[in-house]
Amino acid sequence: MNNVLTVARKEWIDGFRDRRALYTLLIGSLFGPLMIGFMFSQIASQRKGAQEIKIPVVGREYAPILVNWLTQQSGVEIEAGPADPEAAVRDRKVDLVLVIEKDFAEKFRDSRPAPVQVVSDATSNSTRAKVSRLNSLLNGFSSETGSLRLMARGVSPIVASALKIEQIEVATSQQRAAMIFNFIPMFLILALFTAGMPIASDSTAGERERGSLEPLLIIPIPRWQLVAGKWLAATGAALTGMLLTLMVTLVVLSRLALEELGIRNHVGTAQILLILAAVIPMVLVSPALQMFVSCFAKSFKEAQSYLGLLVLLPTLPSILTIFYPLTNRPWMHPIPILGQYAMVTEILGGKVPPTLSLIAAPVVAILITAALLVMATKLFSSEKIIFGR
């Protein structure tokens, strides 16, 4: 182990002597948490903006009853509409416009559907919450007016309701929050991939390009110890990146007003330990895979291009969830990347993965890592790999 630790220390120092490696570690670790904070801040801002909405109205003189009813609603302010509603919305001068037709009053008196138009731009993400609030208000006015018309004719409004629908939600608030936070495992795995990449590629393809691999192999130690030391250095970097991402993510989530979004999620010490137990197996596999792939590259730049394709692997489960649910699938847990994604999502939802899964995942990861390191050791014994530049 002394030889392995010596090689690991040497690769660790060489790796982080390069500022690009430090930037990769920091950027890869902070990208996810900062994206989470920005995204939820924007959602909260849009929802808050929808609670206090300004409605430009064109033709307000044709429907004083509707305008007065809207004015009485909480957080609603009526203002004069633009001369050309569609052009104003298209040019983003206003978020939306309510247009009341001239025959509104006549049809309203005759108890016929009175025409109104909501002019909006569906491509504007910032206005969707406001448009939804306005549509909800108009539907409320329509429902309330329809009930009063039935009562005026001696008919109970209940007659118009053929069904009484009651929604029963069996998922807990934490499980619903876990579905919203299902991108957290992706960011954790992405962080360990990017954090271990500089050392994994530089200690193999980089040394091969610089010609420093030959004198290193002259040292009278077994090749497997040399490979194990390089892998250990890359594993330490990957673990550091993952822990930094997890820590910053927890800090960001604790600072966000998630209650305003109807999200209640508590991540305690037990959940953190379970998340680490679920993700750490991937910390072993990722550097070994990156080292094995980098052995086939003749230069550091070529290795980076190969490893750039591997970074796409953590995003595949997120795409898969669109078509197939990953939770409550114990058979997925031992599979690298897929298992980490499924287990972390379940942990965030308040569930504890089966004990067998927590044992099987690291066992499978150790076997895969050992196989990759054995193959990398054989490559380090090949003259084509050592001298081929």
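Is I337 buried or exposed?

Modeller: Happy to! I337 is buried, with a relative accessible area of 10%; buried means under 20%, exposed over 50% and partly exposed in between, using a 1.4 Å probe and protein chains only. Before we go on, this is a predicted model, in which local features need pLDDT of at least 70 and side-chain atom pairs count only at pLDDT 80 or more, while totals for chains, interfaces and linings use all residues. Residues are numbered from 1 along each chain as its sequence is written, and side-chain values use heavy atoms, with hydrogens and water left out.

You will find I337 in the loop between α13 (316–320) and α14 (338–348). Helices (H or I, at least four residues) and strands (E, at least two) are DSSP runs, numbered from the N terminus. The backbone at I337 deserves a look too: its phi is positive, at about 70 degrees, although the residue is not a glycine. Most residues other than glycine have a negative phi.

R92 sits in the loop between α4 (85–90) and β3 (96–100). Its relative accessibility is 48%, so R92 counts as partly exposed, whereas I337 is buried.

Now let's step back to the whole chain. The protein has 389 residues, of which 43% are buried, and its secondary structure comprises 16 helices and four strands. Contact means heavy atoms within 4.5 Å. Of the contacts with a separation of 6 or more, 75% join residues 24 or more positions apart.

The axes of α11 and α15 (residues 355–380) come within 8 Å and cross at roughly 15 degrees. Axes are lines fitted to C-alpha atoms, for helices over the stretch in contact, and angles run from 0 to 180 degrees between N-to-C directions. That angle makes α11 roughly parallel to α15; under 35 degrees counts as roughly parallel, over 145 as roughly antiparallel, 65 to 115 as roughly perpendicular and the rest as oblique. The crossing of α11 past α15 is left-handed, a term for a near helix turned anticlockwise from the far one by less than a right angle, with clockwise being right-handed. From α11 the contact includes L274, P281 and F292, and from α15 it includes L358, M375 and L379. By class, this contact of α11 with α15 has 18 nonpolar, one polar and no charged residues. Ala, Val, Leu, Ile, Met, Phe, Trp, Tyr, Cys and Pro count as nonpolar, Asp, Glu, Lys and Arg as charged, and the others, Gly among them, as polar.

Helix α11 also packs with α12, at an angle of about 140 degrees and with the axes 9 Å apart. That makes α11 oblique to α12, and the crossing is right-handed. L289, Q290, V293 and S294 of α11 meet A303, Y306, L307 and L310 of α12. The residues of this contact between α11 and α12 divide into six nonpolar, two polar and no charged.

The crossing of α8 past α10 is right-handed. Among the residues in contact are F187, L192 and E207 of α8 and K230, M242 and L253 of α10. By class, the contact of α8 with α10 has 15 nonpolar, five polar and two charged residues.
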